[in-house]
Each structure stands twice: as C-alpha cells, then as structure tokens.
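Subject: A structure for you to explore

Hi there,

Here is the structure I promised to pass on. Have a look at it first, and then read my notes below.

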Amino acid sequence: MAPSTELPGNIFFYLIIVGFSAFFVLTIAARLIPFLQAKGAPRFDHLPQRISDFMLIMVGQSKFFRKKYWYSGILHPLIFWGFLVLLIRSLNMLLSGVADPLSLQHLPGGIFNYWRPVMDLFNVAVMVGLAMGAYERFFVKPQRLTLNLDAWRIIGLIFFLMVTDILANSFELDLEAKKEAWSFVAYGVSGIWTGMGLSHNAIGDLHATFWYMHLTILFAFLCYLPYSKHSHVLTVAFNVFFHSRERTGVLQPINIEAMMENAEEGATFGVGKVTDFNWKSLLDFMTCTECGRCQSNCPAYLTDKELSPKDIEHHGRMTLLSKTPTLGSLLKGKPATAGEPLNLVDTMGFDSIWDCVTCGSCMYWCPVCIEHVPEIMDVRRYLVMDEARMPETAQATLMQIEQRGHPWRGTQFSRSDWMQGLDVPLFDGSQEYLLWVGCSGSLSERNIPITQSLARLLLQAGVSFGVLGEEETCCGDPARRLGNEYLFQMQAQQAIEVMKSKNVKKIVTACPHGYNTMRNEYPQFDGKFEVLHHTELLDQLLKAGKLQPKQGIAETIVYHDSCYLARHNDIDSAPRRILESIPQAQVVEMERSRKTTFCCGAGGGHMWVEESKGRHINHARTEEAMGTGAKIVATACPFCIQMFEDGIPALEPDEEKRMRAQDVAELLEAAVSGAVGPPPPATAQGEEVGASL
Amino acid sequence: MPLHIIACVKQVPDPEAPASSFRVDEAAKKVIAAAGVAPVISQFDALAVEAALRIKDAAADTKVTVVSLGPEGARDVIKHSLAMGADEGVLLTDGAFEGDSYTTALALSKAIEKIGDYNLVLCGRQATDWDAGVVGYGIAELLGVASVSLAKAVTIQDGKVVVERVLMEGYDTVEAPLPALVTVSNELGEPRYPKLQQIMMAARKQVTVWGAGDIGFASSGVRANLERLFQPVSEVECEVVEGETPDEAAQKLAQRLRDQKII
C-alpha cells in the first residue's frame, strides 16, 4: 500500500520515478552508442538452447556451484535469488503507488499471500549473503578481489534496501485493518511498534518515510549501477544469453578475402582500438564484476607475468568508457567522447597480450560468461597482422610456417622419416581413417616414438588407416594462436583441399591442438570431417577387445590433462580408462585436473615463444605433478610431453630420482606388447655421426 | 632530393631443409631441387632489403626497387620484398643469364643501369646457396661505384653513405660518396615481418620482367669453370684404446699416436 495515490500526496512518487528514470534512460542511451556502432557478432542462433543455458547459468547460478569458491557459491545465489524474488515487491510498490486496486494484494484467491513469506525469507537471506560478502572483503581479503569503495557502496545500498523494505512492510501491517502473518519477518518487527504504543498517525508517517526511502534507494541504486562495477546487474542477463556456444578453444575467422577486395583505408586486421571490438566483447567489459576468478586461475598470472585476464577486462572497460559520450555532453547535443581515446595496446600491455597461452581457464571460471581469450587474441591479431609487432621467437615461428610449412625450425627429419620400418600405407581413400601425424608427431624428436607407438597399436588392432606422408602440412593451429589469421587460413585451406581431394572422412590424431583445429575450426572453411583424438580411438579399441594389455606397469602414474583436450573439448575419461586398463598401474590425480587442469605452458603458440618473465609455467606444472609422488606423468599431447621433458630435469637434477614422461599410447603399447621402459631415441634418416656441415 | 635505393635479392634452395633432402647430380654438376622443399629468399639479401627499408623509415620519400635474377619462380622473393615494404620489383629471367658469378654481376649491373637514377645499391654479403660472395663487388666494379662490405648498419648522412662495417673485434665506420654499393651482413639484425596490408598491396603490384635483350646483355662467357660438384662422404672410424687403469690407457694411446706418426 502506498502512502498516497492522489494529488498532491503522490507527487513525490512520480517525481522520484520520472526523475531517476529519465537520468537512467539517458545514461544508458549514451552508453549504448558505442554498442550500436560496434561490429556484429552472430549470437542469435539456437534460441531454444540459449534459453535453457540462460535458465541454468543465470537463473540457476550453475557456475557458482563449484567447490573451489563454495563460499561465494552460497552468498551470491542468496543475494541474486533474493533480487529476483523481491522484484515482485518492487513491482507491487510501483503498482500500488499508481492506484491501490492495481496492487498485487488484490489478485484473485489471495495468491499474493503465498509469495509474501518467500519475499520476507529472502529479505533475511540477502542480508546474510551481504554479511558473508562483507566478512570476506573485510577480514579474509582474498587476493583475487579488487578491494575498493565501490563494493562497499553496493553492499551498503543493498543492505539499506532490505532494511527499508522490512521496516516499510512492518509499518504497513500495523496500518492494515486485519494484520496477517504471511510476511512473517515484517510481522515480527511490527510487534515492536505495537509494543511501543505508537499512534496510528505516527505509524502512518513512519510507513511513508520508509516507503519513500525504499523507493528512492531503489531508483538511486538503478542510476548508480552504470557508474559502478556492479553494472553487471544490468548487463549479465544479456551477456549470459548471448554467450558463445562454441567450444572455448575456437577462435573466429576474419573475412580477409572480403577485406582484400574492398581495400578501405584505415581498415585494420584484428582489434587495435576498442571501437574495433564486436558488441559482445564490449558487453563483456561492462559485465566484469572484478571477482578475479579468471586471474586466480590464469597460468600466466600465477607465474608472475604481466597478464591478468581481469585487468584485460578492466582496461577494456576503461578504454570503452573513454569512447563513450558522457551524459553531460549528450545533453548539450554534442555527443563527443571525453578526451583522447586510450591506446588499447599500451593500456592492456604488449606483454599481457603475448603472455596468454589460450588455456581457457579464465573462461571456465568466469561466472558471467566473459570471453577473455578471443578478446586477447583479437588484439594479438592486430599486433601481428597490422603492426607486425611480436616477440622475435613468434616472428621466427611464423616465418618458418610460411616458408617451410611447419613450425619446427632446425628439424632434420622429413615428414615420412618416422615411417621407416613400419608397414603404414599412404592414405588413398580406401581406408577408414586418416592418421593425421601432425608437425610435432613427425618432426619433433620426442614425439616420433609416440607416433610410432600409435601406428603399431593401430596396425595390431587391425584399424584401417593411412597417412598423408610428405603431403601433410601444418594444420595452421600455431599460426592462428600466434595471431596470424591470414597465414592460418592459407594453411587450413591447403590442408582441407588435400584431404578433400583424397576423400578423407575420418581423422584420428595424437595432437589435441590439431584435433581442436580440425574438428572445431575447419568447418569455418567448409572442412567438415569426423575427428577423433588418439585416446578416444584407443579407448574404443580396448572396449572392443582389439587391444589387450597383458604386461603390467607396476608404477604410480599421474595423468596430466591437456587444456585443449580436457577443458576445450571435454575429453578426460578416455585417457584415464586407457591407463586404468594397464595391469598393476596405479593412477593418481593432481588437484588441478580435468576441466580445472593447469596448463603445461605451451598453448597459444608458446611452444615456440619465450615467456616474458616470472617462473616458467611448465616448471610450475611439473612441480605439481612431482608432488603426487608419481613415477610417471602420462600425457596425451605432443606439447605437454615436451614441456614435462624440459621441466623434469630442470627440477630434479638427480637422474635416478626423476619422474618419467610418457604418452598414453607409449604406455599402452608397453602393456600390450611387453616393451617396458623409456623409448629409444629417434634418428633422422641419413643422419651420420659428424655429418653437420 | 628523394633517395632511390636498389636492392638485389636472390632466391635460393632452402638452406634449412633437412640434410637428408639435399642431393647433387654429379654428372650434370647441378643441385637437385628437393621435392616438396620450397625455395626461399637468401637471408643476407632479405637483410639488404631491411637495410633499405630502415633508410626509408627515416626518410619516407625514399624509393626502394628490388631486382632479382633467376627463374620465373623468383618472382616470389620479389613479392616478399614488396610485402616488406619495397616499392618496385624487377625480375631478370632468361636462359642467357646462366653462367657464373661474373655473368650474374654483369646482368644485374646492366639492369641497374637501365633502372638508372639510383643513389645506393644494397646486396647481401653472399648468397646462402653457393656462398661465393663476389657478385655484389662485381656489380660495383662494373658500375664504377665505391663498395663497402659487411655492413651492420647503413645510413645516409649529408649525401654520403655511412656504414658500420663488421670486424672480428668490433666495427669500423666507413663513409663513401654516392652512388655507392654496400653489402649487408647478418649483424644488421632481423628482416621485418610483413604487415598484412603490405602483403595485400604487394600481391596487386606488377613486377617488371626483363630478358637479356631488354637490358642489352651480351654474355662474354664464364670466367669460372665448375670442375666437379659432389657431396663429400665423411667416414668416421673410432677406435677406443682400452686399459686396466686410466694411466695404462693413456700410455697405450700415446704409443698408438706415436706409431701413426701423429706425435
């Protein structure tokens, strides 16, 4: 019930609503301008799935129910669900302020009464949530949080919203003819006023006071939101609804051909200015609540590098606001942007852009569906393609791929050297699978024995497969992750053409990066193949009894999940089943495993690019693996194994005590055929002792 | 006065191809092009282009022309140079250009004369296939200009070319009047990575193609005769001299070396 619904009493009601709403609408209008000018993003697909994702993630708060942040998993849903529940009370306030018959109490059957205890319960629940949040910010002070005044203003405003709500209701109950206990909290509080023996007028005045206070705080809060980091309240519903439904390892193409045809002046590749981002990225910047989960799980940040995904979003927001007209300028009719636009690369930091290993941990942990990696990669693309500014090693690798069709500079192997002595046929369309060996699998010394193990297993199991041999070229993954989208597209199109010309339908590969690229990104260029990772195929063969592990490996084995396998592509059970099929093997886990796996450090092109500073990521992960006490670390990725082969001797100088790094295929072959122990070193064809020129 | 720099670039078989892919045809005295290994720009020549572009960075109205002598496929190295930032490209292709370093220097010098109006010619110190290292200086002789070798830095100051010239212990600073020719060494640094915008523009640029007739080239025969081309086979025989103790092994080794008249 409103204090008054007639003139002149209800003038404050309309003044408050109209005044604040006008301010809010104009602020939002100004904020929307850069969004309307931004590039498009195709996020209107699969509407039914988007709705169900939205219900799960936003309404259901599903991303909060993870053990690592269990505390926030309690406090945030309390506050958020309270917000949803109490929306009804706010609605009722507005309705009753216009005219009493409109208020929800008059709904037929008195159904509003059933909602009243829910709302009162959440009045208290929200305050509990706030108290939990305040405790964390004041006493615990986790490193991931930005401890600023803004957060306290938000906590304060919500707190007073709850207090004025309860008080206004409690006084309202005393004004009603029949006092009902549906709003049980307000009912209890109202007992205090009855006990104090306040006059009816006094209660009416107090009711009006707290009613107007609540209304004012509500609208003031609304108007404050765009200026606060709490603006996620306004944007998160859209951010979740329009979140990327692609797998997290996927980067979107740039239509370079179209840009080549319409060679406009000033058209840039990648994102050099904030206004070159698409609207979804801009929305991400405005939705970041600075919770810091991304930062606390970023392998670069955790090894003392410049990169913090949270800071990327923050800088995105600041540069965006520097290009957003202020309300003042909008009202003057000149929507000019205040001051010089901030340089995106200088603001975010050259090193930050290059530190990213594209592991996707940030995106996994973000509760509001922000897409950090594509945003960082957009700026990386600009640096590489538009300004040609990159670390020397990145430049050398890109030149290498362009000139020689693979990233492994200095290799003395040819793409078919590994096949010596093996009866592996060339793919001619008659076989079921193309075994995509990959650049690492054929040219990198540590990986050749893995390819050979895999080939022997497939031959033993009677799998119909063939290889491309010398016709195989780089799938393009390193080029794309290093920011050279043009080079990537050339590589991808070449590979797709070769495979289509040979009528390839199914591909199996031992490289999660090649797997990710061919399965999830080649469709962007009309390359649609059925792609399996080698652990998936080996798992199938084991299930079908085509491979029988008889020889035991009586060792403790810790399995390291490759980011591109487990986090980006949900493959984490098949490799474990393979290891568990090995007799006598004891498989142990690291804490950061499966979708929460910690990167080996080689993603994002960093297999070839030096780290900017801080601790080596691969050392951190090797240390974690060694901490399990396992004798063997098992991997399913050519990059991961090389990272461990580098980290293990660096951390354990005593050869006798060292952990061994082996691919799952090598371990399975040892169990199946009985050859136990580290693989023999690979030799290049025709390499003679002392043959170097 | 805007500068005009001419850079000479050569396309060579990839020096970083796996050693196992390198074969020579002894009878024909030719290198067999390795299947599936694409040729590349000679690395020192890429640096010559880089040196030219650094001068252009400092004086934007500088014009850079690249010239290459080779087969039709050498167009690729011209395109690469254009993508780096060079302005024009000339391809010299003709069976008549086959010969030795002198033939090459003669053809290039004739082309440079035809292009004309140049202030500076930049070459790599040697090509990364034959590593003869004489074409650059040959061109300078034929053009009648001063040449400075092994540059790690090249700048134009007061109408002269100033070169930091690599020595074993450091570098000399050498000045020469223009026009001049400078050969560039790897100490110059890294050739720049092409920006996509420039790759696109380079793709659209026309490369001028000249044959022997276009530049008034008449071969006077080769001055160097290739006697034999072969891959030496290194055989290593390693005999380990044993002994009960390290001292005894050392004694035995010393005796063997003396027997073989090595010591």
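Predicted model: local features only at pLDDT ≥ 70, side-chain atom pairs only at ≥ 80, totals over all residues.

The model scores ipTM 0.85 and pTM 0.91. For chain B, the mean pLDDT is 94, and 100% of its residues reach 70 or more.

**Chain B**

Strand 1 (residues 4-9) and strand 6 (residues 63-69) of chain B are joined by six bridges and pair in the parallel sense. Which residue of strand 6 is the bridge partner of B:Ile5? Find B:Ile5 in your viewer and look across to strand 6 of chain B: the partner is B:Val64.

These two strands belong to an open sheet of nine strands in chain B, with the order 11-10-9-12-8-1-6-7-13 and mixed pairing. Strand 11 (171-177) and strand 13 (208-210) of chain B stand at the edges; each has a single partner strand, so one side of each is left without a neighbour in the sheet. From one strand to the next, the twist averages 35°.

Helix 1 (residues 43-58) of chain B lies across strand 1, strand 6, strand 8 (120-124), strand 9 (146-157) and strand 12 (180-184), and runs at about 165° to strand 1 of chain B.

If you zoom out, the domain assignment of chain B gives domain 1 (4-210) and domain 2 (233-263). The C-alpha centres of these two domains of chain B lie 50 Å apart.

**Chain A**

Chain A has 30 helices and eight strands. Along the principal axes, its C-alpha atoms fill a box of roughly 105 × 60 × 50 Å. Of the 693 residues in chain A, 45% are buried. Take the contacts in chain A between residues at least 6 apart in sequence: 79% of them join residues at least 24 apart.

Chain A also contains an open sheet, this one of four strands in the order 2-1-3-4 with parallel pairing. Its edges are strand 2 (465-466) and strand 4 (530-533) of chain A, each with a single partner strand, so one side of each is left without a neighbour in the sheet. Strand 1 (residues 433-436) of chain A runs parallel to strand 2 of chain A, and two bridges join them. Here A:Tyr433 stands opposite A:Phe465 of strand 2. Helix 24 (residues 512-521) of chain A lies across strand 1, strand 3 (506-509) and strand 4, running at about 160° to strand 4 of chain A.

- Helix 21 (residues 448-460) of chain A has 13 residues and reaches 18 Å from its first C-alpha to its last, close to the 18 Å expected at 1.5 Å a residue. Because 10 of its 13 residues are buried, helix 21 of chain A is largely enclosed by the rest of the structure. The cover over these buried residues includes strand 1, helix 20 (438-443), strand 2, helix 25 (534-543), strand 8 (660-663) and helix 30 (664-673) of chain A. After helix 21 of chain A comes A:Gly462, whose phi is positive, near 75°.
- Helix 7 (residues 200-224) of chain A has 25 residues, which should span 36 Å at 1.5 Å a residue; its end C-alpha atoms are 35 Å apart, which agrees. Its buried residues include A:Ile203, A:His207, A:Phe210, A:Trp211 and A:His214. Among the elements that cover the buried residues of helix 7 of chain A are helix 1 (11-37), helix 3 (70-98), helix 5 (149-175) and helix 6 (184-196) of chain A.

A general point to keep beside that list: an α-helix has 3.6 residues a turn, so residues three or four places apart point the same way.

**Where the chains meet**

How many residues of chain A are in contact with chain B? There are 27, and they touch 19 residues of chain B. Helix 18 (372-386) and helix 19 (392-404) of chain A each supply at least two residues of the side that touches chain B. Helix 19 of chain A gives the most to that side, with five residues.

B:Lys195 and B:Gly85 are 110 residues apart in sequence, and their C-alpha atoms are 8.7 Å apart in space.

Enjoy exploring!

Best wishes

Notes: Residues numbered from 1 in each chain as written. Chains lettered and ligands numbered in written order. Domains from an automatic or database assignment. pLDDT = per-residue confidence, 0-100. Pairing = 2+ DSSP bridges. Axes fitted to C-alpha atoms, helices over the stretch in contact; angles between N-to-C directions. Contact = placed C-beta atoms within 7 Å. Expected span 1.5 Å × (residues − 1). Buried ≥ 20, exposed ≤ 12 C-beta atoms within 10 Å, placed from the backbone.
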